[in-house]
Amino acid sequence: MPYLGSEDVVKELKKAMCNPHIQADRLRYRNVIQRVIRHMTQGLDMSSVFMEMVKASATVDIVQKKLVYLYMCTYAPLKPDLALLAINTLCKDCSDPNPMVRGLALRSMCSLRMPGVQEYIQQPILNGLRDKASYVRRVAVLGCAKMHNLQGDSEVVIWGPWVNELYSLLRGPGSNNCLKGRLEENSEAGRGAVVHPIKHQFAHHLLKTISKLDQWGQGEVLNFLLRYQPRSEEELFDILNLLDSFLKSSSPGVVMGATKLFLILAKNFPHVQKDVLVRVKGPLLAACSSESRELCFAALCHVRQILHSLPGHFSSHYKKFFCSYSEPHYIKLQKVEVLCELVNDENVQQVLEELRGYCTDVSADFAQAAIFAIGGIARTYTDQCVQILTELLGLRQEHITTAVVQTFRDLVWLCPQCTEAVCQALPGCEENIQDSEGKQALIWLLGVHGERIPNAPYVLEDFVENVKSETFSAVKMELLTALLRLFLSRPAECQDMLGRLLYYCIEEEKDMAVRDRGLFYYRLLLAGIDEVKQILGSPKSDPSLGLLEDQAERPVNSWASDFNTLVPVYGKARWATISKLQRTERHGPELPNPASFATSGPLIPEENKERIQELPDSGALTLVPNHQITAECFEKTWLSLKVAHQQVLPWQGAVHPDTLQMALQVVNIQTIAMSRPGAQPWKAYLSAQDDSGCLFLTELLLDREHVEMQVSVKQNEARTETLSSFISVLETVIGTIGDIK
């Protein structure tokens, strides 16, 4: 928010900067510039003194230059026309005898985020790459990375002379100064840009120099080498032998990068992948015990990923995953998940005792997570786990009782052999349950296995008496189902309360879902008790579901590409969403691609999805995705051209403008104008342009009487092959959309 009197402050500073007496005094002049920067950082709009600041850059004072360049980099996007005036000064400073001035000017020039600046920066960056001073060369290399980033996701290749100089720097002495920028350029591929493979000589040069780099550089090179494909099996194993020492590095990042490279390169050798995972067991365990919480959490996520392919891989080191009281909640949860996957006959007793201690943790969430973990282990070691869970009910704590009852509900469904023990443990626990999830679990158990629980009708009666004060509709619907089920096995004790509950749900309940459930059960009872038994007499357990929940061993190649990324931390689906949002923030919203269009909703039926996705390659035709043309320009161009092609296509059903427009957008055809649905006749005007600049203007005319679509195409350049390719694409889209009825 602008400060009071900000306009007066700007006028005062502008006047001071124009004062020749102040300009003659270097210290006073610098102080005025410092005041401008100070007000700029405080939120005042100082863009009106841009010209004065540009003039102030013509000085030998490096401190003053830094201040002025900071100002120009900040306001260049707002004043692009005026910022171009500063380019001349910056170019002169790039030839200054002082290497600090040359580097500062080049860095500032590369930081001017405004359109059209690339053409002015090409030569200064090239001169910087050839500079004798290592600082200037480093700034120039980073400038190449900045320019590559400004190109976004386009496939524009970096200027050829830059590439040659970068390769020369990489091969020459002191190549570390160049490596950071070169890898930064290529790391754009990991953020959605086009991935290009690296050459054989360059890859082997990196392999020879990687040992001379610091840990950061080694990690970047290992990640960069993922894009190299060895020519032969012999070369593959030579590379693995060269990288073997990095599996023992003291840096976790280098170890993880080397591990991923091993897994990717050895994708056709599962035994090599397994050996690598065995060798990195030690570094991963060390990372899981690291004082850095972030490193510990990431390592635990990768351990769980490895366990998907190698169950029990860390079983002999299960004590490393015992929780410490000082660890944060999220690390404790990860360790509990790992412990559940490491249980075997040898350590089950120790793991269960450890989890039992977590069940009384001061954190209710962590205590419940430990109880659910015991429930997961109970599918294999039922008797021991049921005994522990039963003892926990004796603590009579609400959050513990709620979690135990939910665990019992899942357990009796998957392991029917423990039903008797669970039914004996339930009486009395209803007094300590207030949570809706706990109530639903208890009510389900009482309804399904109520014939084994002596006081089941009386517990449900308490719920019926308090149904008016119950705030959760899910509890009410579960109570209706449970009481009706119990009525089938104990009718005398449940008949009266079932009638009262149905009356309340039908006559007084305001929630429509509960009311409809009550009406359904009432009419079902009117149909006869046999109908009720047929519908509600479902199985009380299904052990086969446990097999569905148990994850089969996944091959290493299914997750090797996600190793050493944030996918194990966030999950693949969530990380894909986050990455898409990040790309949108940097480069703006993306146009839908064929795959997303085909799966985005009911606009296109299943039988037509493949036709949209599998459009013809169209030879050398590549339509520009961001082609824009105004309606006035389209009309003027349309009237000046002759029809190059005209044909009639069959059409069925009504026109869906949104569907047609989206389908055309998929193949980079812009809709200029379109008639409203139902218009007689119906027309649409389209525009597209290929990468060579050839313009295609199209008119669609739908004749309802003859049920056909007339297509007229005009072309600004007579090219028969590209015209045929464009017609082929257009026919595919119209033919696909025309099949929608």
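Accessible areas here come from the Shrake-Rupley method with a 1.4 Å probe, and for residues only the protein chains shown count as cover. This is a predicted model in which local features need pLDDT of at least 70 and side-chain atom pairs count only at pLDDT 80 or more, while totals for chains, interfaces and linings use all residues. Residues are numbered from 1 along each chain as its sequence is written, and side-chain values use heavy atoms, leaving out hydrogens and water.

**View 1. The whole chain, for orientation.** The protein chain exposes about 37700 Å², with carbon and sulfur atoms supplying 52% of that. Its secondary structure comes to 38 helices and five strands (DSSP runs numbered from the N terminus: H or I of at least four residues for helices, E of at least two for strands). Of its 741 residues, 46% are buried, meaning under 20% relative accessible area with a 1.4 Å probe, protein chains only. Take the contacts (heavy atoms within 4.5 Å) with a separation of 6 or more: 65% of them join residues 24 or more positions apart.

**View 2. The largest nonpolar core.** A nonpolar core is a set of buried Ala, Val, Leu, Ile, Met, Phe, Trp, Tyr and Cys residues joined through side-chain atoms within 4.5 Å. The largest one has 130 residues, and F314, F321, L355 and F408 touch the most other members. Helix 27 (residues 473-489) gives the most to this core, namely nine residues. Domain 2 (198-268) and domain 3 (445-539) both give residues too, so the core lies between them; the domain bounds come from an automatic or database domain assignment.

**View 3. Zooming in on L355.** Leaving aside residues up to four places away in sequence, L355 touches V336, L339, A370, A373, I374 and I377. Elsewhere, a second, separate core of 48 residues includes M46, V54, A56 and I87.

**View 4. Helix 21 and its cover.** Helix 21 (residues 364-377) has 14 residues and reaches 20 Å from its first C-alpha to its last, close to the 20 Å expected at 1.5 Å a residue (1.5 Å times one less than the number of residues). Among its buried residues are F366, Q368, I371 and G375. Their cover includes helix 19 (329-342), helix 20 (348-358), helix 22 (382-393) and helix 23 (398-414).

**View 5. Cysteines without a bridge.** With a disulfide taken as a pair of cysteine sulfur atoms within 2.5 Å, the count is zero. For C296, the closest cysteine sulfur is in C288, 5.8 Å away and too far for a bond. C296 is buried at a relative accessible area of 2%, and C359 is buried at 0%.

Conventions
Buried means under 20% relative accessible area, exposed over 50%, partly exposed in between (1.4 Å probe, protein chains only).
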